[in-house]
Amino acid sequence: MLYLDTAHQSPLATSVRQALESFYQEANAFGGPKPVWLERVERVRARAAAFLGAAAGELAFTKNTSEGLNIAANAIDFAPGDNVLLIEGDHPNNAYAWLNLRRRGVEVRFVKLGQGVADASLFAPHMDARTRAISLSHVTFHAGHRHDVASVGRLCRERGIYLVVDAMQSVGVLPVDVKAMGVSILAAGCHKGLLVPQGLGLLYVDAALTELQPVYLATAGLARPPADLIANPNDMALREDAGRFEIGNYNLADIHALDAALDLIVSVGIANIERHVLALGDRLIERMDALGVGLVGPRERARRAHIYVLDLPVETWIGFLAQQGVRVSPERDGVRVSFGLFNTPDDVDRVAGIIAAGLQAPVSA
Ligand SMILES: Cc1ncc(COP(=O)(O)O)c(C=O)c1O
């Protein structure tokens with residue numbers, strides 16, 4: 001098939017599959033060398049943290065983006081009457097984590113995006129003394145906007161509020177530097193740009209934010225877990241690092257997969273991956289312009305990444321493209337084409353040719 005759907009999930013890379021197979025082989029042959037696996041967890045934690053510009057102690061493993069966003073929303077000591085700013089129409093998982101705080105009297109303010117991408121000037125007019133956090137996607141799944149997170153980060157720092165970022169779409173595709181962007185908490189899953197099967201998430205928590213507290217508690221989150229494995233109610237001090245947000249055993253298979261995925265991504269270079277998907281985007285825009293097919297999201301390079309939503313009626317075109325062996329996603333405003341490091345200029349030409357043919361012989365439902 002012609003796979004243009006990294007924004008949905010990545011196909012499994014051969015080297016990542018091999019890492020999973022060798023993990024399962026170890027489990028099968030030895031019943032699991034758990035201490036060895038746990039050493040690897042710490043190594044992969046340090047690598048993944050460095051990949052985000054963070055220290056190892058600032059990274060917790062989660063299940064997915066939503067878990068990370070919920071941890072973030074519940075770690076902040078909101079008081080009734082406080083508010084949080086979100087972008088209207090952002091990923092629903094970023095909205096529900098915060099809407100769930102309404103029962104604690106927190107106000108959720110949805111800011112309209114309008115034209116362009118989000119930056120500090122979009123949020124500033126909606127802030128007041130009770131604004132405690134802004135939460136937004138780095139890259140939007142529904143139209144591929146690449147928001148100016150660094151500018152929002154500067155605003156949040158000036159006002160002393162938290163910036164929470166959903167980097168599900170950007171991590172592994174664009175350079176993500178949490179310090180440069182001024183992020184307080186970042187949540188992402190690993191099954192898109194990070195090339196890992198579903199079930200592993202990354203949660204960055206700025207080390208300086210020691211006031212953030214986990215809602216859930218398990219032995220893993222304690223500074224001094226009881227050696228006798230009997231809960232000690234008199235010593236429940238939390239770990240100081242992001243490990244305080246972890247509970248229970250890890251998704252060990254996926255963490256092994258992430259190690260191999262990082263090998264692949266780092267060997268190519270994240271800046272090269274960004275350049276590559278942008279060049280594929282340039283080519284797609286040129287081809288679509290020639291066919292008179294509009295682009296739903298931003299056209300300017302600085303405001304886009306790997307996601308391009310074509311202004312074609314979803315009901316008719318999704319079926320047609322599937323019949324032609326093209327894997328894309330239906331989106332709210334059109335057909336979503338998204339690129340990964342494995343796509344080629346020829347893939348763009350092929351999909352453009354298929355769309356040209358569909359336009360010639362109008363596609364029927
Ligand atoms: C921006 C964004 N956030 C979150 C998710 C998914 O959340 P989760 O990792 O919790 O499944 C997606 C897509 O699946 C997404 O595009």
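**Reading pockets and a ligand shell**

Me: How many residues line the second largest pocket, and which lie nearest its centre?

Reply: A pocket is an open set of points on a 1 Å grid over the protein atoms alone where a 1.4 Å probe fits, with protein on both sides within 12 Å along at least five of seven lines; lining residues have an atom within 4 Å of a point. Here 17 residues line the second largest pocket, with L113, G114, G116, H145 and V296 nearest its centre. Bear in mind that this is a predicted model: local features need pLDDT of at least 70, side-chain atom pairs need 80 or more, and totals for chains, interfaces and linings use all residues. Numbering runs from 1 along each chain as its sequence is written, and side-chain values use heavy atoms, without hydrogens or water.

Me: Which domains supply that lining?

Reply: Domain bounds come from an automatic or database assignment. Domain 1 (2–9 + 270–360) and domain 2 (14–267) each give at least three residues to the lining of the second largest pocket.

Me: Which residues surround the ligand?

Reply: Look for heavy atoms within 4 Å of it. Among them are N64, T65, H91 and D166. The shell holds two nonpolar, seven polar and two charged residues.

Methods. Nonpolar A, V, L, I, M, F, W, Y, C, P; charged D, E, K, R; others polar.
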